[in-house]
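Hello,

Here is the structure I promised to pass on. Please open it alongside this note. My findings follow below.

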Amino acid sequence: SLESYDDCWLRYEPADGERRESYRTRCENVYASVGSPELGAVRDELRRAMTGLLEREPHLWQHPPRSVEGFLAVGTPDEMEMIADSVSTDRVAALGDGGFRIRSVEWEGAECVVVTASTDRGLVYGTFHLLRRMANGHPIDDLDVTEEPANHERVIDHWDDPFRRSVERGYAGPSIFDWERLPDLRERYVDYARLLASVGINGVVLNNVNTKIPGRGSANEFVSGKAGWQLLTQDGLEKVAALASVFRRYGVRPYLSVNYAAPMLIDDYDTADPLDPDVEEWWARKAEEVYDAIPDFGGFLVKADSEGQNGPYDYDRTHAEGANVLARALEPHGGRVWWRAFVYADHDDRAVQAYETFEPLDGEFLDNVTLQVKNGPIDFQPREPVSTLFGAMDGTDLACELQITQEYTGQGVHTCYLVPQWKEVLDFDTHASGEGSPAKDVFSGSEGAGIAGVGVVGEDPTWTGNYLSQANLYGFGRLAWDPDLDTETVTDEWVRQTFGGDPAVIDTVSGILHDSLPATVDYETGGLGLIHMMYNGEARLENHYDPSPAEWPGYHGATEDGIGIDRTSGGSGYVGQYHEPVAETYDDPETCPEELLLFFHHLPWEYELADGTTVVQRLYDNCFSGVEVVRDLRERWQALAGRIDDRRYRHVAERLEEQVVQAERWRDTLVAFFYEHSEIPDEHGRVPLT
Ligand code: GCU
C-alpha cells in the first residue's frame, strides 16, 4: 500500500490457510460504530487489514449483519446493544482509559468476535490488539482478553527541529514533519499515527527539547533563524492543530517543547522570571490560545537550564518555581508540564547532579508536573546504572526517558536491539520500599507518570534508518503499554509481523536482535561499565558514532595506574544516592556487578576479577569478543538470503558489513588506548596491535 516507505509491522500479509477460514468467518463482516474520529480510524484500519489478512475486502455494517456465519463487532456497550449483550458492561465500564476487552461469542447463531471498551480510544487499541493476534497467526475463536495500559502516559519525544526538517540525533533522514507546508497534511502523518497507536503510544512531543538550535561552538551559541520556540505563535499553533487532527483519530495527543524564555522570544518581554505576575499571565494567556486551537493538547515539555537552554536559574529561581508557573497555566485545561531532569554543570561528577538538584524539591512540584528523568545518570550510554531519582521522589510524578534513536549505539547503521536494556531499567529493584520495588512501578503509579522515548523516525523509506531498528520503536511502545512483557514475546511478535512466519527466519532474526546489545556494549565500552568512549567532534554524523576515548578523561578515568571513576562513598559519593542494599553492593568492588564495575570504581589495571582475570585483560577480551559476535551476526543474516525479500535482505546485509568494520575500529581504538595507559600486553598476543 505504501509506495515510498515501508509498512513496518503493519504489513497484514495473507493468513495461513489453516487460520484463514476461521478469520474469514469472523472478520469478513464487520459491524462497527461510527461517529468519532477514532471510530473512523478503526474502520479504515479494519478495511485495510482484513483485505490483507483475509485476501478479501470486508463488508462494513452499521447494524448487526443477518444471515452471516459470523462477524466482528467493534464498539462501546453504550452504542451497541449487541455488545452490551455479549460482555459484562460493568467490567467494561471499570476499565481505565485506553483499556479494552475482546471476546469470542456466539450471538444469534453467529460466530462473533467482540472488541469493546468504554472509550473510543480503547477501541483503537483493542482493534490493533486483535489485528496483532491475527498477524501472529493466533486463533481468534476462543478469545477472552482484558487489557489496560500499565503506564498512563506513553509518549514519543521528537528531537525534530521545525522548519529545518533536520532531526537532532536522527539517523533516518529529514524530519517527517514538514512545518513549512503545514497546515497541509501528508499521508505519512496518518501512517505514522497508525504505527504509534498500534503499539499503544498516546502522545507525541512534536519538536526538539532544544527549542533554540545549538551552534557548533559552545552550548550557549545558537544558530539563528526559525526554531522550535516559534511553534507557540499563532501561525505555529495552526500547524500543530492540523497535525492534531490526524493524531486525534488514533488517540495520540500532541505536546510541544517550549522555551523557558518564550515570553521574551515571542512577545519581547524583558523577563521570563516565573515569579513575575506579567510572566504568569503571559503563560496563562498562551495556554488559552493553545487550547482554543487544540482542545486535546497534552502539554509542554521543557529542557531548562541545561546545555544552554533558558530556565528559571536565569532569575535565581528553583526548577519547581520554574515548572509551576507553566503548570498553573495548563491546569484549567487539563494540560501537563513535563520537566526534564537532564542537568549537569559545575560538578566534578556529573552523575550526582540530577539527584542533588531535584531530590530536595520533592513535593514542591504541582500535581500536573511530571519530572522526566533519563534512564541512567549520564546520557543514554550503551550501559549505565539506573538513575538514583527513581525511588527517591515519592511526592512527584516521574517519567522515565529512554532513547529509541541509537545516538550512542550505532545510529542508523548498527543493529542494536534496545528492548533488553529497557527491561533491565524497568525491572531494576530500587529497594525504595524494601525488596521488590522495581523502577517500573514508579512510572505506572499514577495519572501523571509514564514513559517517554526519544523518537527514531525520519523520511527514510525504512522510517528508522535500518529495517531492524524498527524493532526498537515497536518494543518501546509495547513495553510502555505493558512493562511486564518479556523480551522474547516482544521480539517474536515483531519478527513475525515484520518478516512473516518462516520458523528459520524467526529464529535467526530473533537471535540476531537478542545478541546485538551485549556485542555493542563489549566493543564500544569493554563491558565493565565504562562510558563516553565516543567521538564528539564537529561533523554531526560521525558525532557519537566513532570511537575517541582520549577526549573524555573525566568520564572514564584512565591513567597509568588504572581506570574507572571512583563514585564510592570515598569518591564522588554518587553510590550513596541508592537505597540499601544497592548502595552497599555497588560500593564494594568485590560485590559490584562486573558490568558496572568501572562506573563505580577506579581500579588498577591488574585488579583481579572474580574469575582471576585482570581488568585490562577483560577489557581486551570483551572488545575482541564483541567484534566476533558482530561477525557472527553478519553470517547469520547472510543465511537468510532468498528467505526474505531482496530489498530488506540487502539493506541489512550492507549495514552489518559496515557494523563489522566499525566494530573493529572501536575495538582497535579502545584496546590501543587501554594499552597506551596500562602498558600491559594482551595475554593472547593481540595487543599491542601490530
Ligand atoms: C544528549 C544529546 C543532545 C541532546 C541532549 C538532551 O546530550 O547528545 O543532542 O540535546 O542529550 O537530552 O537534551
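A word on UniProt positions first: they are given in the numbering used here, feature names are shortened, and annotations may be inferred rather than shown by experiment. The model is predicted, so local features need pLDDT of at least 70, side-chain atom pairs count only at pLDDT 80 or more, and totals for chains, interfaces and linings use all residues. Residues are numbered from 1 along each chain as its sequence is written.

Domains

UniProt, in an unreviewed entry, places "domain: Alpha glucuronidase N-terminal" at residues 8-130. That stretch is 41% helix and 22% strand, with its end C-alpha atoms 17 Å apart. Helices (H or I, at least four residues) and strands (E, at least two) are DSSP runs, numbered from the N terminus. The domain assignment gives domain 1 (17-147), domain 2 (153-499) and domain 3 (520-565 + 602-678). Such bounds come from an automatic or database assignment. The C-alpha centres of domain 1 and domain 3 lie 48 Å apart.

Ligand shell

Which residues surround the ligand? They are E168, R169, V209, N210, K303, E307, F342, D379 and E407. A residue is near a molecule if its C-beta atom, placed from the backbone, lies within 6 Å of it. The shell divides into 2 nonpolar, 1 polar and 6 charged residues. Ala, Val, Leu, Ile, Met, Phe, Trp, Tyr, Cys and Pro count as nonpolar, Asp, Glu, Lys and Arg as charged, and the others, Gly among them, as polar.

Core

The largest nonpolar core has 205 residues. Helix 20 (residues 615-638) gives the most to this core, with 9 residues. A nonpolar core is a set of buried Ala, Val, Leu, Ile, Met, Phe, Trp, Tyr and Cys residues joined through C-beta atoms within 7 Å. Buried means 20 or more other C-beta atoms within 10 Å of the residue's own, exposed 12 or fewer, and partly exposed in between, with C-beta atoms placed from the backbone. L326 is among the residues with the most contacts inside the core.

Single residues

E493 is in helix 15 (residues 487-499). E493 counts as buried because 21 other C-beta atoms lie within 10 Å. The peptide bond from L182 to P183 is cis, with omega near 10°. D268 is not a glycine, yet its phi is positive, near 60°. D268 counts as exposed because it has 7 C-beta neighbours inside 10 Å.

Best wishes
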